[in-house]
Amino acid sequence: MLLGEIDKIISIEPSLADAHLVRGRILRFSRRPKDAETALLTSLRLNPNLGQAHHYLGLNNDTLGGSAYNTIDHLRHAFELDPYSLDTRTRLIHWLSKSPDSWDEAWSLLRETKGSLPWGPQIGYAEGALLQAEGRYADAIQVLEDTLNRDEFNLARQYLARLWFALGERSRGWDVYPFVTLTEEYPENACPLDPVSEPAKAPRLMAAACSRMRKWEQVVAVLEPLAAEPGELEAVSYTH
C-alpha cells in the first residue's frame, strides 16, 4: 500500500516535510482526518513555507467540522506561499463565495486568475460556485456546462448535478453525475458517492442510492458486474 511505502520513507528520513505532506493527503482521502491533520501539521512544522500543507489543512479542517474562517485562513496562507497554484486559488474563491461579504474579493481573485494563469477547469468550477452563491443559477449552469464541454472535471460535474438537485431537477442532476450525494433528499445517506476518491466503494454506494430513488434498472446494472465477486453484494443496503 502507498501509505506503507510513505511510512518507510519517513522512517529513513523523518525530517522530510514532503513525505509527511503526502502522508497527510493519503490519510485525508482514506477518511482519517485527525491522523491527516497530525501529518500535515508535521509537514508544516518541518517546512513553514510548504503552501500545499496549508491547502490541505484548510480542506481537512472542513472535514473535521471546523469553522469556515479557519479553512479560508489556511487557503490564504497557501495562496501567499504558492500564488501560481490554480487549485489553491479556485478553492479559495469557492470558500469566499460562501459569505456575501467576501464576494467582491472572490470576483477580484477570479478575474486576476483568468488574466494571469492558463485556463483550467477549476476556474469554471469556482465561477459556477460563485454565481450559484449569488443566486444566478442560469449563469452558473451555463458556466459549468461550458467547463465540462471543454474538459471533463469531476468537481464541476458534481457541482452542476447538485445545482440541478437544488432546483428540483433531480433527473437532470442524476444524468449529469449519477454518483451525486443525495443528502438533500435522504439526510441519513450522508456518505459521499465519489468514484474518484473511493473507487472501490462507488458501485455499492451507487446501488444503495439507486435503490433509495427506486431506480431498479440502475441497481441491477450496477450490481451485475459484482455478482461474480463473493462478499461484494453484502455491503449494499436497501431502503425501499
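Does Gln122 count as buried or exposed, or, put another way, what is the relative accessibility of Gln122? In this predicted model, Gln122 has a relative accessibility of 15%. Buried means under 20%, so Gln122 counts as buried. The residue belongs to helix α8, which spans residues 121–133.

Of its 240 residues, 46% count as buried. Among contacts with a separation of 6 or more, 43% are between residues 24 or more positions apart.

Asp87 lies on the α6 side of the contact between α6 and α8. Helix α6 covers residues 86–96 and is mostly covered, with 9 of its 11 residues buried. These buried residues are Leu86, Thr88, Arg89, Thr90, Leu92, Ile93, His94, Trp95 and Leu96.

The axes of α6 and α8 cross at roughly 5° and come within 9 Å. Angles under 35 degrees count as roughly parallel, and α6 is therefore roughly parallel to α8. From α6, the residues that take part are Leu86, Asp87, Thr90, Arg91, Ile93 and His94; from α8, they are Gln122, Ile123, Tyr125, Ala126, Ala129 and Leu130. By class, the residues of this contact comprise 7 nonpolar, 3 polar and 2 charged.

Helix α2 (residues 17–29) packs with helix α4 (residues 51–63) at an angle of about 25°, and their axes are 10 Å apart. This angle makes α2 roughly parallel to α4. The crossing of the two helices is left-handed. Helix α2 contributes Leu21, Arg25 and Arg28 to the contact, while α4 contributes Gln52, Ala53, Tyr56, Leu59, Asn60 and Thr63. The residues of the contact of α2 with α4 divide into 4 nonpolar, 3 polar and 2 charged.

Methods. Residues are numbered from 1 along each chain as its sequence is written. This is a predicted model: local features need pLDDT of at least 70, side-chain atom pairs count only at pLDDT 80 or more; totals for chains, interfaces and linings use all residues. Side-chain values use heavy atoms; hydrogens and water are left out. Helices (H or I, at least four residues) and strands (E, at least two) are DSSP runs, numbered from the N terminus. Buried means under 20% relative accessible area, exposed over 50%, partly exposed in between (1.4 Å probe, protein chains only). Axes are lines fitted to C-alpha atoms, for helices over the stretch in contact, and angles run from 0 to 180 degrees between N-to-C directions. Angles under 35 degrees count as roughly parallel, over 145 as roughly antiparallel, 65 to 115 as roughly perpendicular and the rest as oblique. A crossing is left-handed if the near helix is turned anticlockwise from the far one by less than a right angle, and right-handed if clockwise. Contact means heavy atoms within 4.5 Å. Ala, Val, Leu, Ile, Met, Phe, Trp, Tyr, Cys and Pro count as nonpolar, Asp, Glu, Lys and Arg as charged, and the others, Gly among them, as polar.
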